[in-house]
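Subject: Structure handover

Hello,

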Amino acid sequence: ARMLRAAAQGRDDPTVETLLAFSRSIDGGPNVLSARNDRNWQTCCVLCLSEDGDLLSQWRAYTPREGGYAIAFDGSALVANMGGALGRVRYALVEQEALLAPLVAYHIHLAQREPAFVVDGFILDRLYERALLIKDSAFEEEREWRVIYPRVGLDALRFRPGKAIVRPYLPVCCEMRGVIQGVRVGPHGSQDTAVRVASMLLSRLNGCHNQAQRSVIPYRILPH
């Protein structure tokens with residue numbers, strides 16, 4: 001919303017006022033986006049990845065207290081197999097503005113010609129997709145990338161039990177040969193054994209010998 005207002009600053013065209021009114025309507029956060037998706041029975045699905053395969057905060061957040069595995073993918077091969085669009089998450093405000101500015105300028109141009117079409121949803125869909133590549137700078141150490149699947153219909157979704165709620169997900173098929181480039185074994189009391197077994201599995205998947213890596217983070221049993 002702030003980007004829309006900044007890009008439209010100083011313009012007197014009445015169609016731009018319509019776009020500004022739309023920007024004020026989305027100041028409340030993702031509720032408007034969710035409501036649109038609910039009406040259309042569509043959503044976006046995201047696969048989250050990280051450039052850093054050995055980050056303590058990630059081991060703590062996504063693996064058991066002991067062990068866990070970080071899988072290294074070839075990004076191009078992954079998207080070629082699974083579909084979707086691969087994008088880097090932006091944490092710095094200047095990068096976020098650079099991501100949104102061309103979209104805002106383009107839609108202001110469209111709004112001057114056909115404001116009802118823009119405000120009715122086209123800009124909402126594009127902003128929603130780009131919002132998935134924006135994250136607070138507090139999470140910058142994650143160096144996240146995301147594979148985005150926009151406009152997923154209800155019939156494509158499956159559901160599984162979560163810790164507190166039922167979770168929707170999008171099943172995808174992927175040929176692992178040539179996609180998995182490596183495996184790193186997390187902090188573990190039997191790390192040597194875990195590395196050997198992971199190396200065997202990795203070699204079988206890729207058809208050649210591949211050595212799994214071990215985390216350089218010291219093994220410590222800490223309460224979560």
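**Largest pocket**

Strand β2 gives the most to the lining of the largest pocket, with five residues. The model is predicted: local features need pLDDT of at least 70, side-chain atom pairs count only at pLDDT 80 or more, and totals for chains, interfaces and linings use all residues. Residues are numbered from 1 along each chain as its sequence is written, and side-chain values use heavy atoms, with hydrogens and water left out.

The largest pocket holds about 960 Å³ of space. Its lining has 32 residues, and L49, S50, A70, I71 and F73 are the closest to the centre. Elements that give two or more residues to this lining are β1, α4, β2 (69-73), α5 (75-82), β4 and β7 (180-185). By class, the lining divides into 17 nonpolar, eight polar and seven charged residues.

- Pocket: on a 1 Å grid over the protein atoms alone, an open set of points where a 1.4 Å probe fits, with protein on both sides within 12 Å along at least five of seven lines; lining residues have an atom within 4 Å of a point.
- Volume: the space filled by probe spheres set on the points, which are joined across faces, edges and corners.
- Elements: DSSP runs numbered from the N terminus, helices being H or I with at least four residues and strands E with at least two.
- Classes: Ala, Val, Leu, Ile, Met, Phe, Trp, Tyr, Cys and Pro are nonpolar; Asp, Glu, Lys and Arg are charged; the others, Gly among them, are polar.

**Second largest pocket**

About 620 Å³ of space lies here. The second largest pocket is lined by 20 residues, with V46, R160, P168, Y169 and L170 nearest its centre. Two or more lining residues come from each of β1, β5 (158-161) and β6 (166-169). β1 gives the most, with six. This lining has 17 nonpolar, one polar and two charged residues.

**Salt bridges**

There are seven salt bridges in the structure (a side-chain nitrogen of Lys or Arg within 4 Å of a carboxyl oxygen of Asp or Glu).

E51 pairs with R143, with the closest N and O atoms 3.0 Å apart. This pair links distant parts of the chain, 92 residues apart: E51 sits in the loop between β1 (42-50) and α4 (56-62), R143 in the loop between α7 (115-131) and β4 (144-153). E51 is partly exposed at 44% relative accessible area, and R143 is partly exposed at 40%. The cut-offs are under 20% for buried, over 50% for exposed and partly exposed in between, with a 1.4 Å probe and protein chains only.

R88 and E95 form a salt bridge at 3.4 Å, N to O. R88 is partly exposed at 29%, and E95 is partly exposed at 32%.

E142 and K135 meet at 2.8 Å, N to O. Are these two buried or exposed? E142 is buried, at 13% relative accessible area. K135 is buried too, at 19%. A network of salt bridges links K135, E142, E144 and R146.

**Surface**

L154, F159 and V166 make a nonpolar surface patch of about 290 Å². Patch residues have over 30% relative accessible area and no salt bridge; like charges are joined within 9 Å, nonpolar side chains (Val, Leu, Ile, Met, Phe, Trp, Tyr) within 5 Å. Areas come from the Shrake-Rupley method with a 1.4 Å probe; for residues, only the protein chains shown count as cover. F159 is in strand β5.

Best regards
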